[in-house]
Amino acid sequence: MSSPRLHLHRMNWQRWLGIVIKEFIQLKRDRLTFGMILGIPIVLLLIFGFALNSDPKHLPTVVLLHESTPLTRDYVAAMQHSGYFDMIATVSTEEEADRLLDEGEVQFVVSFPPDFQRALVRGEHPAVLVQADASDPVAASGALGVLNRIGNEIFAPDLPGFHPQAPTSLIDLRVHKRYNPEGITAYNIVPGLIGVILTMTMVLMTGLAMTRERERGTFENLLATPATPLEVMSGKIIPYILIGLIQVTVILLAARFIFHVPMVGSLLLLYGVVLVFICANLTLGITFSSIAQNQLQAMQMTYFFFLPSMLLSGFMFPFRGMPQWAQYVGNCLPLTHFLQLVRGILLKGNTAGMLFHHIWPLLLFIVVVLGIGLKTFRRTLD
Amino acid sequence: MNYAIDVHGINKRFGDKHVVRDLALQVKQGEIFGFLGPNGSGKTTSIRMLCGLLTPDSGSGTCLGFDVLNESDDIKKQVGYMTQRFSLWEDLTIGENLDFVARMFGMQDRKQAVAKALDELGLKARKDQLAGTLSGGWKQRLSLASCLLHRPRLLLLDEPTAGVDPKARRDFWEDIHRLSEAGITILVSTHYMDEAERCHRLAYLAYGNLLASGTSKDIIASQQLSTWSINGGNAHRFAAALQQLPMVEQVTTFGLKLHVSGKQPELLEPALQKFASSHNLQLERSSPTLEDTFIHLMREAHDQYEN
């Protein structure tokens with residue numbers, strides 16, 4: 001008697017080929033997956049190859065100048081020439097300079113004291129004050145490194161007669177790292193994580209909300225009722241707003257008590273902008289949900305949105321280090337603005353008025369995306 | 001005459017597939033109207049167009065007095081639509097499902113309506129049970145209850161009894177007749193002949209075309225079939241041979257009997273008598289049933305549209 005044997009390792013090539021062909025056919029039919037397979041490597045190549053730069057150059061800088069003299073002009077020109085600094089303006093008051101730094105318009109403020117040229121010529125080692133926005137420690141470090149060199153390289157050739165025995169440094173360069181003087185990366189990362197986590201979870205959860213109904217067949221029942229698209233879409237996002245606020249609270253508690261992130265600004269304001277940001281992500285998710293045919297497609301769309309959000313928003317790499325086109329893309333992402341908002345409030349103590357230029361893009365995003373969502377919401381099964 | 005549904009020239013294409021062709025339908029208020037036809041004949045698509053879930057490509061008409069093309073919001077409020085597949089929320093309880101639907105229709109007396117529905121269903125004790133855990137028959141009853149909740153004037157039922165046991169099917173049809181007596185118009189699609197015979201009037205669809213409509217008597221008469229029934233021995237073994245006889249349009253099996261139908265009785269009868277006596281079978285003149293008629297319609301449609 002022979003016992004029946006299981007041929008676990010036998011290959012029937014006919015069957016095998018059948019399975020291969022079936023998979024190819026299904027892949028071909030699923031256009032979105034196919035698009036993702038081609039799209040994701042291209043997007044990643046573009047982002048990592050061209051957009052990301054951990055030694056950012058062309059950082060916006062203002063000069064606080066009490067008098068314009070040939071030597072200060074030389075110094076400013078040399079900074080610009082180094083490639084690290086883009087001189088976007090010259091201001092004459094400290095308040096003006098502070099405001100630009102607080103609002104994140106500039107990365108550096110370079111201040112020359114009154115009578116700088118005279119003091120320099122007299123060999124008094126006048127102080128040059130460089131204030132850096134160090135809320136993202138990586139962004140500023142490369143630029144600060146070159147500053148020290150510039151002074152001597154510029155001024156030494158101009159002043160050989162006056163300074164026969166030139167000291168090691170002609171000027172007294174003082175660097176103030178503002179907002180995060182110790183350069184603790186957690187101060188930058190942890191607030192940023194609020195945005196990243198919200199982006200991930202909010203878009204994904206609502207992304208599945210409508211496609212789940214469609215897949216289970218319950219959507220047909222919902223459509224047979226007089227419910228309007230606005231009722232359905234807004235009704236579906238409400239519970240997630242609450243979940244989002246709970247997530248934020250958890251992260252904030254961890255930031256405060258585990259990472260000791262400073263919280264300079266108003267918590268109420270922070271929750272206010274968090275609410276706007278949550279809404280932006282939820283409207284996007286619900287719109288994905290009404291475009292996607294099934295839950296898998298909704299997840300793929302979420303991933304496709306999440307990737308550039310992580311990389312181009314200034315979360316993982318300094319925003320200012322990216323080329324202009326990548327910054328344009330980044331400015332379309334809610335996370336970019338939210339990072340500025342959350343860092344502005346927690347680390348810099350920004351007030352509502354100062355943040356408006358990062359709040360309106362979020363509101364615009366909500367309006368545009370919700371518009372698309374309501375337009376694509378199919379009230380019929382066509 | 002007041003029609004609950006009165007549409008004509010309705011067309012619907014999906015891509016290059018013409019799913020519904022020039023559908024014209026008149027359903028009187030308070031009647032039970034049966035919708036029959038093979039799978040893929042456009043029944044579900046037609047029903048979905050009537051309640052605004054699909055937009056017709058062309059055509060016009062009214063449903064409960066509202067324009068089917070532009071006033072689907074008004075139609076939805078007064079129509080109860082029961083989908084072919086169970087489409088209530090399986091992860092909600094019975095009570096929660098009914099409550100949700102009542103809210104969707106903006107019912108003022110929501111709580112009483114839900115309580116009443118639960119009472120009538122006999123599900124009061126099980127109202128906290130998840131809908132997904134119900135058996136097929138109960139799911140069907142819950143679906144019917146949920147689409148009756150907002151007191152619609154018109155019920156659209158898409159194969160409501162598919163996969164339901166005979167007892168539950170019988171109970172279901174008793175409910176349907178009660179509702180019809182209360183003045184509710186009912187359009188119901190089905191594959192079952194016994195259900196078709198319980199409808200006041202019928203329409204038969206195939207390949208997107210309305211092939212016949214009227215009472216079951218009208219439809220049977222319209223095809224001018226003459227039918228004999230053949231009994232005895234293993235009658236069903238002769239089906240293929242009978243089919244070969246001239247003038248035989250179709251042979252259908254009914255249990256152990258055969259129904260042989262044709263359109264020229266004077267020529268068919270002698271041929272059948274000869275066949276029966278030579279094979280020792282009993283021949284008996286009978287009248288064509290609804291099923292004979294539908295099979296005939298389906299065959300003609302197949303010849304006309306498929307080739």
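Reply: Happy to! One term before we start: two strands count as paired if DSSP finds at least two bridges between them. Also keep in mind that this is a predicted model. With that in hand, D6(B) stands opposite T62(B) in β4(B).

Me: Which strand is joined to β4 of chain B by 5 bridges?
Reply: That is β1 (residues 3-14) of chain B, and it runs antiparallel to β4 (residues 58-63).

Me: What's the strand order in the open sheet of chain B?
Reply: The order is β2-β1-β4-β5, with antiparallel pairing. At the edges sit β2 (17-28) and β5 (66-67) of chain B, each pairing on one side only.

Me: And which strands does helix α1 of chain B lie across?
Reply: Helix α1 (residues 43-50) lies across β1, β2 and β4 of chain B, at about 120° to β1(B).

Me: New topic: how many residues of each chain are in contact?
Reply: 20 residues of chain B are in contact with 17 of chain A. Together the two chains bury about 1,700 Å², of which 52% is on carbon and sulfur atoms. On the chain B side, L53(B), K76(B) and W89(B) supply 31% of the area buried against chain A, more than any other three residues.

Me: How many salt bridges are there between the chains?
Reply: There are 2. In a salt bridge between D91(B) and R216(A), the side chains meet at 3.2 Å, N to O.

Me: Which helices of chain B each supply at least two residues to the side touching chain A?
Reply: α2 (72-78) and α3 (94-104) of chain B do. α2(B) gives the most, with 3 residues.

Methods: Residues are numbered from 1 along each chain as its sequence is written. Chains are lettered from A and ligands numbered from 1 in the order in which they are written. This is a predicted model: local features need pLDDT of at least 70, side-chain atom pairs count only at pLDDT 80 or more; totals for chains, interfaces and linings use all residues. Side-chain values use heavy atoms; hydrogens and water are left out. Contact means heavy atoms within 4.5 Å. Buried area is the accessible area (1.4 Å probe) that two parts lose on being put together, summed over both. A salt bridge is a side-chain nitrogen of Lys or Arg within 4 Å of a carboxyl oxygen of Asp or Glu. Helices (H or I, at least four residues) and strands (E, at least two) are DSSP runs, numbered from the N terminus. Axes are lines fitted to C-alpha atoms, for helices over the stretch in contact, and angles run from 0 to 180 degrees between N-to-C directions.
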